[in-house]
Amino acid sequence: MLDLLLTNAAVATMADGRPFGLVKDGAVGIEKGKIAWIGAAAQAPPATTVRDLSGKVLTPGLVDPHTHIVYGEEGLIDFEVLSQGGQRWDLEPAGGGVGNLVKRTRLLSEEALYAASRARMSRLIANGVTTVESKSGAGLDMDTELRSMRVSRRLGRDLPVTVVSTYLGAHGLAPEFAGRRDDYVTFMSEEVLPEAVRQGLVDQVDGFCDKVGFTHAQMDRLFAKARLYGLGVKLHADQYTDFGAGAVVARHRGLSADHLEYASEATVRGMAEAGTVATLLAGAHLSLNETQKPPVKLFRELGVPMALATNSNPVSSPTVSPASQMHLACFLFRLTPEEALKGFTVNGARALGLQASAGLIAVGRAADLAVWDTDDPRGIAYAIGGAPCLAVIKDGRIVHEAPVPRFDRPDLVRA
């Protein structure tokens with residue numbers, strides 16, 4: 001007998017073969033934390049506990065493959081500047097931007113950083129996420145980078161979410177290395193990364209490759225060191241200019257190139273040949289007032305999988321709502337609703353190298369699932385804020401249920 005049966009659902013398995021891999025009037029059976037049965041609700045086997053989902057959509061637990069979710073203070077200065085039409089170069093003079101984020105984060109204790117990040121991660125889980133990537137990069141020195149990665153690891157232990165920890169020391173140039181970018185690359189490669197590996201804090205390595213960031217040769221050095229440790233690599237690539245950065249990560253058989261508004265055809269072809277995922281970040285695209293669109297049509301033509309992510313960060317994408325980012329991606333990038341949901345499921349998992357374990361409802365996989373307040377999978381991305389997430393299941397256990405609104409108290413609702 002099954003432990004739990006979720007029945008009377010529109011089951012979006014995300015398997016190939018039909019739109020959304022949809023099983024109408026379906027059910028999913030769970031046993032010992034794994035998916036044990038999928039099929040028509042009328043044919044479902046018995047279970048100890050049965051939950052009727054009233055026709056709502058059931059999807060894989062979402063995978064958020066690009067976040068900077070470990071930080072302290074919110075970026076209210078950044079919001080004010082950008083919302084009034086400012087550009088990224090206007091942020092630091094006003095007291096915002098990555099440089100000022102670094103200064104503020106270095107002053108935070110590990111407990112303060114953990115408390116702020118835990119609250120944020122809890123909201124992300126409540127919005128349907130069961131697997132998330134968490135980057136460092138808000139400190140750039142040894143102590144703060146290791147502190148951030150320790151927080152990422154702790155969040156994965158303390159909360160019902162799988163956390164992939166990424167070292168993003170190459171987010172920018174640490175102020176103490178001003179004018180010595182090559183020396184900073186040596187510092188990252190020979191000091192910080194080895195220590196993060198020694199402490200078991202890191203799964204992947206990321207960087208910012210651009211004419212105002214790190215060069216191809218500098219990223220090659222850092223990535224070569226990462227690969228020696230068996231770590232996956234990815235890159236903030238071609239966000240502001242066509243710098244051929246996506247081709248750099250493809251050359252290293254990297255997991256993903258992210259942003260990609262200015263990616264050239266040559267870059268996209270290199271990504272296609274390497275199997276590198278394109279991770280699109282609609283929140284930052286909107287907040288930074290960008291007008292150049294990522295080459296979605298070319299990604300489709302050349303078979304480059306498209307992931308989506310919240311890019312949760314205080315400067316350019318202060319959100320913990322994947323569904324809202326699906327909506328934005330449909331309107332800003334002209335993704336279809338199915339492509340948008342794939343971006344946070346099967347392709348999001350692929351962007352983290354987790355395609356064998358996450359992002360799909362299939363027998364034998366972990367029962368990581370989300371229930372949505374819509375009866376059609378397209379409805380998840382339909383509303384401007386995205387459909388509400390009603391429940392989240394992690395490893396077969398219900399870890400979140402949205403409260404049901406009540407309006408029967410006369411002190412709250414007048415007749």
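Me: Which residues in helix 5 meet which residues in helix 6?

Reply: Contact means heavy atoms within 4.5 Å, and helices (H or I, at least four residues) and strands (E, at least two) are DSSP runs numbered from the N terminus. Here Arg-181, Asp-182, Val-185, Thr-186, Met-188, Ser-189, Glu-190, Leu-193 and Pro-194 of helix 5 meet Gln-218, Arg-221, Leu-222, Lys-225 and Ala-226 of helix 6. This is a predicted model, in which local features need pLDDT of at least 70 and side-chain atom pairs count only at pLDDT 80 or more, while totals for chains, interfaces and linings use all residues. Residues are numbered from 1 along each chain as its sequence is written, and side-chain values use heavy atoms, with hydrogens and water left out.

Me: How are the axes of helix 5 and helix 6 placed, and at what angle do they cross?

Reply: Axes are lines fitted to C-alpha atoms, for helices over the stretch in contact, and angles run from 0 to 180 degrees between N-to-C directions. The axes of helix 5 (residues 181-198) and helix 6 (residues 216-228) come within 10 Å and cross at roughly 10°. Helix 5 is therefore roughly parallel to helix 6, given that angles under 35 degrees count as roughly parallel, over 145 as roughly antiparallel, 65 to 115 as roughly perpendicular and the rest as oblique.

Me: How many salt bridges does the structure hold?

Reply: Side chains of opposite charge can pair when their charged atoms come close. A salt bridge is a side-chain nitrogen of Lys or Arg within 4 Å of a carboxyl oxygen of Asp or Glu, and the structure holds 22 of them. One of these joins Arg-51 and Glu-401, whose closest N and O atoms are 2.5 Å apart. Because Arg-51 lies in strand 4 (residues 47-52) and Glu-401 in strand 16, this pair ties together parts that are 350 residues apart in sequence.

Me: Is Arg-51 buried, exposed or partly exposed?

Reply: Buried means under 20% relative accessible area, exposed over 50%, and partly exposed in between, with a 1.4 Å probe and protein chains only. Arg-51 is partly exposed at 31%, and Glu-401 is also partly exposed, at 44%. Arg-51 is touched by Ile-398 as well, a residue of strand 16 (residues 397-401) that is partly exposed at 29%.

Me: Which residues are linked with Lys-135 in a network of salt bridges?

Reply: The network links Glu-133, Lys-135, Asp-206 and Lys-234. Within it, Lys-135 and Asp-206 form a salt bridge with their closest N and O atoms 2.7 Å apart. That pair links distant parts of the chain, with Lys-135 in strand 7 (residues 129-135) and Asp-206 in strand 9 (residues 204-209), 71 residues apart. Both Lys-135 and Asp-206 are buried.

Definitions and conventions. Lists of a residue's contacts leave out its neighbours within four places in sequence.
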